[in-house]
Amino acid sequence: MIELTVNGIKRQVDVVAEMPLLWVLRDELGITSAKYGCGVAQCGACTVHIDGKAVRSCQAHIGEVAGKSVVTLEGLDNKDQHPVLQAWIEHQVPQCGYCQTGQIMQAISLLARISKPTDEQINQVMSGNLCRCGTYPRIRAAIHAAAANKTAEK
Amino acid sequence: MGHMQRLSRRAFVFGSAAIAGGVAFGAYGRAEAVAPASDNPLAAGLGPNSVSFNPWVEISPDKITLIAQHADIGQGVGSVQPIMIAEEMDLDPGQFEIRFAGPSPAYFNTGFADEFAPFVAADQSPAAEEARAKTLEWLRQSGLQMTGGSSSVPDTYEKLRVAGAVARETLKAAAAKRSGVAVADLRTQSGHVILPDGSKIAYVALAAEASKIPPMLDAQPRDPSKWRMLGKPMMRLDVRAKVMGELKFGIDMKMDGMLYAAVKLNPAKGQPLKSYDASKARVMPGVKNILEIKNGVAVIATNSWYAMKAVDAIACEWAPSAYPAEQAEHWKVLESSFKPEFLGKEWKKIGDIETGLKTGKLVEAEYRAPYVAHQPLEPLNGIGLVTDKGMEIWVGHQSPRFVQYVAATAIGLKPEQVTFHNQWTGGSFGHRLEYENVRVLAEIANQMKGTPIKLVFSREEDFLQDIPRQIAIARHRGSIDKGKIVAADLQLASTAPLKGLLERSGTPSKDPDGQLAAGLWNVYYDIPNFRATSYEAQGLSPSTTWRSVGASTSGFFTESFIDELIHAAGLDPMQARIAMCTVPHYRKVLETVAEMSDWKGPLGSGRGRGVAFVESFGTPTAEVVEVTATPDGIRIDKVWVAADVGKVVDPVNFENQVQGGVVWGLGHAINCELTYAKGAVQQTNYNHHEAMRIYQCPVIEVRGLENDPKVRGVGEPPVPPAAPALANAIFAATGKRIREMPFNKFIDFV
């Protein structure tokens, strides 16, 4: 049994230590906001937070996640009022929507580090998150809007 | 009816078949919305005291359900289609549930009538409209239920608004009967019929009575000036659930007792497995079973990852490919396909092409476009359950009836024994018109009778089995005399994407592939001597429809060549196109993009703009791309797009779709190709086939025009002009003419 904390709840899973966190979340725990896209850290659709950092869950072996705190999009604090999620809704970013949960988790991590990112900084941090539908112009706009909202709150 | 009737389109449309009742012109779909109740597939599933007026509206005592006829592949079908009905029914978002249509001929796609009839979109002559009406009748007879060809709005714009109007008026009639108030004194608002005294009757409370009166089939949809939601910025109904991570895609579905499957299939597409050794896999963690299927092996496990790891450990010996094993051979076959024996069709001939080519200065150029992959971010998947009664399948797919046919055929059932549940999909771009996951899932579930099986393709397997976009070479010739283009002879050799898809759908066609005319013959410039000819290469990789299909390659070839001719004539690329454009409202599209981009000719050293104009799926689309040649390579600074769709029904989504189409067109033109070695594609993940990421994404300004007499789609039309506009911009900035995709083989990009 491997024990970890997911969205504030202690969970135990009976899987091999090499299993990526992504597949523990999806197939063992039924948490589906982390998506399988590539399996090799090329698309970012599986992005979650481990101890507060954005991580590709397809690359994090569960044995190494044991004892750590995992947050998926489902477990975000203040989810219904979250400024990044609100900006994503207001700008109607999604088309198919499959990559967007990963995009959002990456963007939250970006804004935690840089409260008002430039386009260049957005490019640097968000380029690992692929969107096949091409919603990049709206992702950019939503991040700027979320940054402005957060700044306005302060 | 079982599988789609095999009717020869040519015989039907262009033979002597008489169309009963004459020919209907204009918007399609009204006839479907007022079809007899016996044709309504919802009737069989209705509960007590419930009513369904047509195949799109169902009201029970506790809820209203609206049917999204098409598959939602990210284009917004799951929002705009119910909203078209809700607009007419005076329903508000939140007052109805949405369900995807099941397989039924009632959901045949009227929107294909324009695309399949052999007339260019701008031709609105009586002959063209008659051919379209006959094509519509063929579609009706064959029951072709398919999402594609940017037809989701064109198919449903009239149909769903009429369906909603019929529902509204019938509910009013039921309320009139109950209350004794004349229908003329009733109105509807927010899911209720409102009586003159202000009292309200909920639609759900009228379901039982409405089921007992004949539907009001003469109901008319409202004039667009009365719209509350359509045509105005509105919130897509699926946005919130997608952002909150609450929307379940097909890959997220789970069933009690379900096991997980992964597969390894012969990378030589369509060829069988010869032998395999699963001794290592058999003892790996989580493995429950190892199955042999027609063209590979499957592992059944307790978790997708266990299944993928174990299937990786199986050593397989494969039968060789039926097409050339090496990429260089594919190109050689194409090069030698410009011959009469491979003729697809001479699609258009104007004037005297041979004399025209001898007049003035001759310009010749050859262009190439490689195989490319679809690779939506959600890999192919599905859940299947086979029991003694038949098969149930949960999969996101664009062709419900063909899913039934393919799954049934794979395991010896009849199509009607396959129950299909469509799912939200994480993209398609044409991928979910193909069937490999469906066929394989049927085989696996059939060997695991009684257990629900969730099949997920690994990304690598998805790449290896992805039936690619057509590969093509164009050999174009033209001539310039006295500052004018006097001749253009456009010749194309290509694999045939639509023919391949139809064959795999069980409805093979002997007609020339109409998608090879797209972008080749629908050229709206005043060129006195013009010819467009397609050749269909034989024996190459199967190919299929990829976002914008034929126009994705021919749009690049034609608009690059036109640009070369214009430069050879010493003209301005924008002004020359505007001057040559023969269709007034298409010219307006070019004028609009010129105005948006403030086009004033060359930008000066190291910078350049290119323009391209392509009509695909009836939507004329013009794009201007602006680039800077930096020391590190080409940087795309900005893109302007104008497209005329007749009516912009969902403006925010319209902009999003157009931007996405531009990103798709540019990204794949820059860095994507699939190449074969030893019969398998060499690119098996996104690091080998990347397309555009955010750092390369320019600002994209979009404007929708509404001058076309018909309502058109927008999912695909922004794609074809993107590549040629970029190539033309690179030429303007650097003097370098790139005639082959992907462009990064010839020039660096930032």
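Trainee: What do strand 1 and strand 2 of chain A form, and how many residues are between them?
Mentor: They form a hairpin with two residues between them, and Asn7(A) in the turn has a positive phi of about 50°. Strands here are DSSP runs (E, at least two residues), numbered from the N terminus. Keep in mind that this is a predicted model, where local features need pLDDT of at least 70 and side-chain atom pairs count only at pLDDT 80 or more, while totals for chains, interfaces and linings use all residues. Residues are numbered from 1 along each chain as its sequence is written, and chains are lettered from A and ligands numbered from 1 in the order in which they are written.

Trainee: How many bridges join strand 1 to strand 2 of chain A?
Mentor: Five, and the two strands run antiparallel. Two strands pair if DSSP finds at least two bridges between them. Leu4(A), for one, has Arg11(A) in strand 2 as its bridge partner.

Trainee: Does strand 2 of chain A lie in the open or is it buried?
Mentor: Strand 2 (residues 9-13) lies largely in the open, because zero of its five residues are buried. Buried means 20 or more other C-beta atoms, placed from the backbone, within 10 Å of the residue's own.

Trainee: Zooming out, which domains does chain A have?
Mentor: Domain 1 (2-75) and domain 2 (79-153), with bounds from an automatic or database domain assignment. Their C-alpha centres lie 21 Å apart.

Trainee: And how many residues are in contact there?
Mentor: 14 of domain 1 with eleven of domain 2, where contact means C-beta atoms, placed from the backbone, within 7 Å. Strand 3 gives the most to the domain 1 side, with three residues.

Terms used. Two residues are in contact if their C-beta atoms, placed from the backbone, lie within 7 Å. Helices (H or I, at least four residues) and strands (E, at least two) are DSSP runs, numbered from the N terminus. A residue is buried if 20 or more other C-beta atoms lie within 10 Å of its own, exposed if 12 or fewer, and partly exposed in between; C-beta atoms are placed from the backbone.
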